[in-house]
Amino acid sequence: MATAAATTLLAGLAGPALAAKTLVYCSEGSPENFNPQLNTTGTSFDAARPVYDRLVDFIPGTTQTRPGLAESWTVSEDGLTYEFKLRRGVKFHSSKTFTPTRDFNADDVLFSFNRMWKNDNPYHGVSGGAYDYFGDMGMNEMLKSIDKVDDYTVRFVLTAPNAPFIANLAMDFATILSAEYADALLKAGTPEKLDQEPIGTGAFTFVQYQKDAIIRFKAFDAYWAGKPKLDNLVFAITTDASTRWAKLKAGECQIAPYPNPQDLEVMKATPGVVLMQQPGLNVGYLAFNTQKPPFDNKLVRQALSMAIDKAAIIKAVYGAAGQPAVNPIPPTIWSYNKDITDYPYDPEKAKALLAQAQVQLPLETDIWAMPVQRPYNPDAKKVAELMQADLAAVGFKAKIVTYEWGEYRKRCQNGEHQMCQLGWTGDNGDPDNFLYTLLGCDAARPGGGNLAKWCNKDFDDLVRKAQQVPDIAERTKLYEQAQVIFHEEAPWFVIAHSLVSEPVSDKVVNYKLSPLGSHEFKEVDLK
């Protein structure tokens, strides 16, 4: 439920502010901070996205890229050198404590990437200094140099060709920060404010954040792409799906993401509400921690993949909005291997494999369940309960574990779990964003996004090779082979791909569902 303070703040918008165009988005959770370099969750990305731009942007509602802060770029014939021509006249926001003295330029690009890349950058260790996305994608090894050619030209040189590089630069981790603002905060002895009181070049200026309650933004009049049609943007943090739906019906918010699947038919029939739907570029999964016995044995992982009744989970939790997953990438993405057959639900075969693996039963273990609803998993606790019952039938006594969302993600990435639920919505429409980012050896490090902590050389070699091949057909063959290895090794129990649904007020204009799971407002209007 909304806190009293949040209700008061929202009520305050009902006066003069609502005479202007104010869109209220019922966000499902609180951000960890307001710097996308430090995050990997959609909740935090959404909260920071109004403030920032990137060199490259995604066209809203698509996985296609377009120029962002870079108005153009060229690529060398060998695929190693990318030269970006930056936009001129791009303004940074001002705040109560900071007024920029210059426009965006190459110094801001170098600062933003060097903070993540260079250990000796004065900001590298600020706010924990964990640049998980940058690290999981192997950017440390991929980059050979980033150079300022002049104030409005930046050159990236790679150590090897990387087919998805441009699409990667459109992702949230590649956000461009203000070097001038960073310098001012460093001199004031408060560098962490860079990540909590954001200043960017984006369509909206950050106004206020009240933890677990509300985030307020206002339109940036000097936005380089033109002032947004909305005057105010409000994130009303509302963790319960039923409450989000109630607020939408009451007109207290105009967009309510991640609805309860059982409410979808009612939403379709509700006057004043448009239920937007599309297949999600996502996957929900249970990661087995392959560094902890008995999950270090693939026979055990295969057995548990047969012990869990996937069809029952889909029926009970996802309903018509869920499709059983077979591979770690969704069937809506190119290179999906349709020839792989899923593990059957077969508890007796599971018991036989456990006996072959010489597992001493009964065995105590855990299943971690996310505290928030995600597009790939609307009710992780319910999923965990169903898994718990199925695993008990083959001798695994699993305790359900959960934490606050930011803490949950951190602990799973550190490998504290034995079995951990999570999922992924693609960030750029490329299979690399799933297979390398989530399952490559770089991401199996402590703190990395490979929650199975699974490092398979044959798999890793295939997905690394695919990064360096420009031909889609050849990349497809490599990714299909990698999926065969994944299936045999079973580091995850893949659960489902979901149909993404979002109820929206019919007063909202030009809002687009993103296949990448992001929520964008810079081109949105209200009737």
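Me: How do the axes of helix H12 and helix H14 cross?
Reply: The axes of helix H12 (residues 298–307) and helix H14 (residues 347–356) come within 8 Å and cross at roughly 165°, where axes are lines fitted to C-alpha atoms, for helices over the stretch in contact, and angles run from 0 to 180 degrees between N-to-C directions. H12 is therefore roughly antiparallel to H14, a term for angles over 145 degrees, while under 35 counts as roughly parallel, 65 to 115 as roughly perpendicular and the rest as oblique. This is a predicted model, in which local features need pLDDT of at least 70 and side-chain atom pairs count only at pLDDT 80 or more, whereas totals for chains, interfaces and linings use all residues. Residues are numbered from 1 along each chain as its sequence is written, and side-chain values use heavy atoms, with hydrogens and water left out.

Me: And which residues make the contact of H12 with H14?
Reply: On H12 they are Leu299, Val300, Gln302, Ala303, Met306 and Ala307, and on H14 Pro347, Lys349, Ala350, Leu353, Leu354 and Gln356, with contact meaning heavy atoms within 4.5 Å. These residues divide into 9 nonpolar, 2 polar and 1 charged.

Me: Staying in H12, is Arg301 buried or exposed?
Reply: Arg301, which has its place in helix H12, counts as buried because its relative accessibility is 3%; buried means under 20% relative accessible area, exposed over 50%, and partly exposed in between (1.4 Å probe, protein chains only).

Me: OK, what does Arg301 touch?
Reply: Not counting residues up to four places away in sequence, Arg301 touches Phe288, Thr290, Phe295, Asp296, Trp454, Glu489, Ala490 and Pro491.

Me: Switching topic, how do H17 and H18 cross?
Reply: The axes of H17 (residues 432–439) and H18 (residues 457–467) come within 10 Å and cross at roughly 135°, which means that H17 is oblique to H18.

Me: Which residues meet there, in H17 and H18?
Reply: Asp432, Leu435, Tyr436 and Leu439 of H17 meet Phe459, Asp460, Val463, Arg464 and Gln467 of H18, and the residues of this contact divide into 5 nonpolar, 1 polar and 3 charged.

Me: Last one: where does Gln358 lie?
Reply: Gln358 lies in the loop between H14 and strand E14 (363–368), and at 66% relative accessibility Gln358 counts as exposed. Gln358 and Pro294 are 64 residues apart in sequence, while their C-alpha atoms are 9.5 Å apart in space.

How values were computed. Helix = DSSP H or I, 4+ residues; strand = E, 2+ residues; numbered from the N terminus. Nonpolar A, V, L, I, M, F, W, Y, C, P; charged D, E, K, R; others polar.
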